[in-house]
Amino acid sequence: MISLSSPVKTAAHDWPAGLKLAALCVATVGLFYIESPLILAGVVTAILIAYTLPGRAFLRAGLAALKLLWPFIVIVAIWQAVIGELVQGAVIVMRMVSAVALANLVSMTTRLSDMIAVVRWLTTPLRRFGLSTAALEIAIALVIRMVPVLTNKGGRLTESWRARATRRPSWRLVLPFTLLALDDADHVGDALRARGGLTSERET
Amino acid sequence: MEKNVALIALFAALIAVLALIPKITLGFGVPITAQSLGIMLAGAVLGSKRGALAVLLFLLLVAVGLPLLAGGRGGLGVFFGPTGGFLFSWPLAAWLTGFIVEKWRSVPLGASVFVGAILGGIVLSYAMGIVGLSLALGKSLIESTSLMLVFIPGDMIKALIVAALTVSLSRARPSSVLSRH
């Protein structure tokens, strides 16, 4: 499966993922304390420069991820124009765009494996208390593997619907689809148990 | 243990795959996606605890950068965006849906799933989603609510579909509806 991390390798890919995530949290909270439109415009410009530095492909991928904000920018723009407070509107839009663009920047410059390493590190206290986090790790791997498997099965269900009906496939497919997923869960559960299960670590 | 891990992982994957179902556009131009249907279904079928864990696992994978949300979205940005409140509400929505189905046994299964999905998937989810929206857009809670009202009919339909699906599942595989076991 394709992760959202950028194909263009940047220097930021080698920075520690935990540090990037912590910095993102601090920066996002900080954004809500900036009231000055000039400072926010500076922040937006700085973020835009950060997106431009790694090259055109990176910029294009980054801007594509921000497209989801357009409807909200339009809503705020119209709203603020109607009540006649455009400066406040600009502050709201710039703050929103900066928060999402920064978070997106961290996602783009952090490899999936590094992110999962952070998750593993975050669950360290659980292991201290003797709880096994093996279940979480196997579950993450299972989802990544099962998404394409289920997509494939869903595709085949759609095809068999099309072979029999003239109408378009509808939500009715969700029932057989869920049954397939439940049956798969049965088999996967048995397979996990057959391979030693998840509790063996604690028993030994 | 293994069975539960497999169920939670499979439902997390199911929520992801439901996003691939082409969105239906209601008569008045509001798109509805099947993804939030998956959230309600996880609670209704797996029960409160496992349902919430399945949704948490799904969101964890979205957060680490997999494009599993409807429209191929994912990464950390979606959590900080205007609709982030809805994402944060999803584990609780699945939990509440499952909790109601587990506890309210004096009515037929379909009725308790419908009420659970309305309270969890609509009332609770919109309450948190609207708070997030009002923070991001700098609008009051009432103004933000008015922006979201158009989506509620679609979600009511989803709650009905989830109730019908859960009843059919309990007929096809009586043991599969864990919230009632």
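Colleague: What order do the elements of chain A run in, from the N terminus on?

Modeller: They go α-α-α-α-α-α-α-α-α-α, and the total for chain A is 10 helices and 0 strands. Helices here are DSSP runs of H or I with at least four residues, strands are runs of E with at least two, and both are numbered from the N terminus.

Colleague: Is chain A spread out or compact?

Modeller: Spread out: the radius of gyration of chain A is 23 Å, well over the 17 Å that the globule rule gives for 204 residues, so chain A is more spread out than a compact globule. That radius is taken over C-alpha atoms, and the rule is 2.2 Å times the number of residues to the power 0.38. Along the principal axes, the C-alpha atoms of chain A fill a box of roughly 65 × 55 × 35 Å.

Colleague: Which domains does chain A have?

Modeller: Domain 1 (16-122) and domain 2 (128-203), with bounds from an automatic or database domain assignment. Taken over C-alpha atoms, the centres of those two domains of chain A are 34 Å apart.

Colleague: And what about chain B, how many helices and strands?

Modeller: Chain B has 8 helices and 2 strands, running α-β-β-α-α-α-α-α-α-α from the N terminus on. Its radius of gyration is 16 Å, which agrees with the value near 16 Å for a compact globule of 181 residues. The box for the C-alpha atoms of chain B, along the principal axes, is roughly 45 × 35 × 30 Å.

Colleague: Before I go further, what kind of model is this?

Modeller: It's a predicted model, where local features need pLDDT of at least 70, side-chain atom pairs count only at pLDDT 80 or more, and totals for chains, interfaces and linings use all residues. Residues are numbered from 1 along each chain as its sequence is written, while chains are lettered from A and ligands numbered from 1 in the order in which they are written.

Colleague: Where in chain B is confidence lowest, and where is it highest?

Modeller: Lowest in strand E1 (residues 24-25) of chain B, at a mean of 62, and highest in helix H5 (residues 84-103) of chain B, at 95. Chain B has a mean pLDDT of 88, with 94% of its residues at 70 or more; pLDDT is the predictor's confidence in each residue, from 0 to 100. For the complex, the predictor gives an ipTM of 0.87 and a pTM of 0.87.

Colleague: OK, the interface. How many residues of each chain are in contact?

Modeller: 44 residues of chain B and 53 of chain A, where contact means C-beta atoms, placed from the backbone, within 7 Å. H1(B) gives the largest share of chain B's side, 13 residues. That side divides into 32 nonpolar, 8 polar and 4 charged. Ala, Val, Leu, Ile, Met, Phe, Trp, Tyr, Cys and Pro count as nonpolar, Asp, Glu, Lys and Arg as charged, and the others, Gly among them, as polar.

Colleague: At what angle do helix H9 (residues 174-194) of chain A and H1(B) pack?

Modeller: About 145°, with their axes 8 Å apart. Axes are lines fitted to C-alpha atoms over the stretch in contact, and angles run from 0 to 180 degrees between N-to-C directions. Among the residues in that contact are A:Ala181, A:Val188 and A:Leu192 of H9(A), and B:Leu7, B:Leu10 and B:Leu14 of H1(B). By class, the contact has 9 nonpolar, 2 polar and 4 charged residues.

Technical notes. Contact = placed C-beta atoms within 7 Å.
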